[in-house]
Amino acid sequence: MADLLFLDTERNNDAVRELVSLALVNADATQCFYAERAPRPGAPSSFGSKVVYPLLDGGDAALSDKNFGEQLRGFVASFDHPRIHFDGAIDKRQLARALTGFGTWSGEVPAWEPVLVTRQDVLGELEIYFGCRPEKAARRYHAAVDAEALRAAYITIVGL
């Protein structure tokens, strides 16, 4: 049986699309991966500098590209047949790039199955999730908060 994981990524701007942070959470929310790139990518958009960057955790979450990739590969490899759910196609590309340590790793990466969530009922439930939780809505665009919200919306509508 596949292990369900839920992904969200944040980027510096819509033009360059450099990954800033990434989160994965498993279906029962007992395991979570969260990391930020250090140094942070430059040239954030106005949205990035005013919304995304202030939400970043820093500290132990801020990893070099090489360490980011190593820890992410270890997390994904710890699951049997991971099916990674995301609500934006760019998330899939960002995850694939992060698994290589942003080009610092040329070895094998763990196998995973991508699942683009396009169901309108799930995406609608995502908005309900944030609407009912002002403390979460205040931190929307933090990758870990958004990955957890997608997990909750998906499980509410689809189940396990």
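How are helix 2 and helix 3 oriented to each other: roughly parallel or roughly perpendicular? The legends below describe a predicted model, in which local features need pLDDT of at least 70 and side-chain atom pairs count only at pLDDT 80 or more, whereas totals for chains, interfaces and linings use all residues. Residues are numbered from 1 along each chain as its sequence is written, and side-chain values use heavy atoms, with hydrogens and water left out.

**View 1. Crossing of helix 2 and helix 3.** The axes of helix 2 (residues 65-77) and helix 3 (residues 89-99) come within 8 Å and cross at roughly 110 degrees. Helix 2 and helix 3 are therefore roughly perpendicular to each other, a term for angles of 65 to 115 degrees, while angles under 35 degrees are roughly parallel, those over 145 roughly antiparallel and the rest oblique. Axes are lines fitted to C-alpha atoms, for helices over the stretch in contact, with angles running from 0 to 180 degrees between N-to-C directions. Helices (H or I, at least four residues) and strands (E, at least two) are DSSP runs, numbered from the N terminus. On the helix 2 side, F68, G69, L72, R73 and V76 meet L95, A98 and L99 of helix 3 (contact: heavy atoms within 4.5 Å).

View 2. R151 belongs to helix 6 (residues 143-157). With a relative accessibility of 14%, R151 counts as buried (buried: under 20% relative accessible area; exposed: over 50%; partly exposed: in between; 1.4 Å probe, protein chains only). Its side chain makes a polar contact of 2.8 Å with the side chain of E148. Such a contact is a pair of N or O atoms within 3.5 Å; within protein, one must be able to donate a hydrogen and the other to accept it, and residues adjacent in sequence count only if both atoms are side-chain atoms. Apart from neighbours within four places in sequence, R151 touches F6, V25, N26, A27, D28 and A29.

**View 3. Aromatic pairs.** The whole structure holds 7 aromatic pairs. Rings of Phe, Tyr and Trp (its six-membered ring) pair if their centres lie within 6.5 Å; planes under 30 degrees apart are stacked, over 60 edge-to-face and the rest tilted. The F6 and Y154 rings have centres 5.3 Å apart and planes at 55 degrees, so this pair is tilted. F6 lies in strand 1 (residues 3-11) and Y154 in helix 6, so the pair ties together parts that are 148 residues apart in sequence. F6 is buried at 0% relative accessible area, and Y154 is buried at 13%. F75 and F79 form an edge-to-face pair, with 5.1 Å between centres and 70 degrees between planes; both residues are buried. Ring pairs join F33, F68, F75, F79 and F102 into a cluster.

**View 4. Arginines over aromatic rings.** R40 lies over the face of Y53, 5.4 Å from the ring centre. R73 lies over the face of W105, 4.1 Å from the ring centre. A charge sits over a ring if NZ of Lys or CZ of Arg is within 6 Å of the ring centre and within 35 degrees of the ring normal.

**View 5. Backbone features in two loops.** The peptide bond from A38 to P39 is cis, with omega near 0 degrees, and P39 lies in the loop between strand 3 (32-37) and helix 1 (46-55). A43, placed in the loop between strand 3 and helix 1, has a positive phi near 55 degrees although it is not glycine. A43 is exposed, at 56% relative accessibility. F102 also has a positive phi, of about 60 degrees, and is found in the loop between helix 3 and strand 6 (113-116). F102 is buried, with a relative accessible area of 10%.
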